[in-house]
Amino acid sequence: STTTVDDIEDELFKIERIRDILVRRESELRYMMDDIQLCKEITRLKKELQKLVSIPDKDKSNEDKQKEEELLQQIHKLVETRDFLVDDVEFERLREREEDKEMADFLQIKLSKASSKKTKSAKERKMTSRAQQTSKPFMAKTGLTLLKECCGFTCSI
């Protein structure tokens, strides 16, 4: 069995695409973790603030009033941070959408070229003798087979 340069390039392209998808997912998960942490902290501060707000103003100490003000500032700062995070997520989403569009355009061009190459190479194979076909350089799959068996990958090479 032989593997062509095109086969290797296609497999490399697939691996790079999977890597890109995983990097995107990692980024999404990081954003989600940050968002969850911010929400937890905001909730905690709001509960603490609610306790202070429930005290009548005449019974509040200067410390309570100061703490109330500090909590409001902290909550405000965290909400702004979360807003920036949401903006970043939206920016990433738009950037990824643009990347996906560019990739789709590239693949469309690549696939149309590949299909015309296959048609052309099929015609060329019909014209070549059996001896010419078998004398082409080839790459053994043994290394890839070992990798598949070792790592459990299911490559399409």
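Is Arg-44 buried, exposed or partly exposed, and what is its relative accessible area? Arg-44 is partly exposed, with a relative accessible area of 41%, where buried means under 20% relative accessible area, exposed means over 50% and partly exposed lies in between, computed with a 1.4 Å probe on protein chains only.

1. Basis of the note. The model is a predicted one, in which local features need pLDDT of at least 70 and side-chain atom pairs count only at pLDDT 80 or more, while totals for chains, interfaces and linings use all residues. Residues are numbered from 1 along each chain as its sequence is written, and side-chain values use heavy atoms, with hydrogens and water left out.

2. Overall build. The protein chain has four helices and zero strands, and its elements run α-α-α-α from the N terminus on; helices (H or I, at least four residues) and strands (E, at least two) are DSSP runs, numbered from the N terminus. Of the 157 residues in the protein chain, 11% are buried. The accessible surface of the chain comes to about 13,000 Å², and carbon and sulfur atoms hold 58% of that surface; such areas come from the Shrake-Rupley method with a 1.4 Å probe, and for residues only the protein chains shown count as cover.

3. Contacts along the sequence. Among the contacts in the protein chain with a separation of 6 or more, 68% are between residues 24 or more positions apart, a contact being heavy atoms within 4.5 Å.

4. The structure holds 17 salt bridges, each defined as a side-chain nitrogen of Lys or Arg within 4 Å of a carboxyl oxygen of Asp or Glu. Side chains of opposite charge can pair when their charged atoms come close. Arg-44, the residue of the opening question, forms one of these bridges with Glu-48, the closest N and O atoms being 3.2 Å apart. Both residues lie in helix H1, four residues apart, which is about one turn of the helix, and Glu-48 is partly exposed at a relative accessible area of 25%. Another salt bridge is found between the side chains of Asp-20 and Arg-19, at 3.0 Å from N to O, and Asp-20 counts as partly exposed at 26% relative accessibility.

5. A bridge between helices. The side chains of Glu-99 and Arg-24 meet in a salt bridge of 3.0 Å, N to O. This pair links distant parts of the chain, since Glu-99 sits in helix H2 (residues 62-127) and Arg-24 in helix H1 (residues 5-53), 75 residues apart. The two partners fall into separate accessibility classes: Glu-99 is partly exposed at 34% relative accessibility, whereas Arg-24 is buried, with a relative accessible area of 14%.

6. Other residues around Arg-24. Glu-96 is found in helix H2 and counts as buried at 12% relative accessibility; leaving aside residues up to four places away in sequence, Glu-96 touches Arg-24 and Glu-28. Asp-100 also belongs to helix H2 and is partly exposed, with a relative accessible area of 30%. With the same exclusion of residues up to four places away, Asp-100 touches Arg-17 and Arg-24. The side chains of Asp-100 and Arg-17 are joined by a polar contact of 3.4 Å, a term for a pair of N or O atoms within 3.5 Å in which, within protein, one must be able to donate a hydrogen and the other to accept it, residues adjacent in sequence counting only if both atoms are side-chain atoms.

7. The aromatic pair. The count comes to one aromatic pair, under a rule by which rings of Phe, Tyr and Trp (its six-membered ring) pair if their centres lie within 6.5 Å, with planes under 30 degrees apart counted as stacked, over 60 as edge-to-face and the rest as tilted. Phe-13 and Phe-106 form this tilted pair, at 5.9 Å centre to centre and 45° between the planes. Phe-13 lies in helix H1 and Phe-106 in helix H2, so the pair ties together parts that are 93 residues apart in sequence. Phe-106 is partly exposed, with a relative accessible area of 42%.

8. A buried glutamate. Glu-68 lies in helix H2 and counts as buried at 17% relative accessibility. Not counting residues up to four places away in sequence, Glu-68 touches Leu-49, Leu-52, Val-53 and Lys-60.
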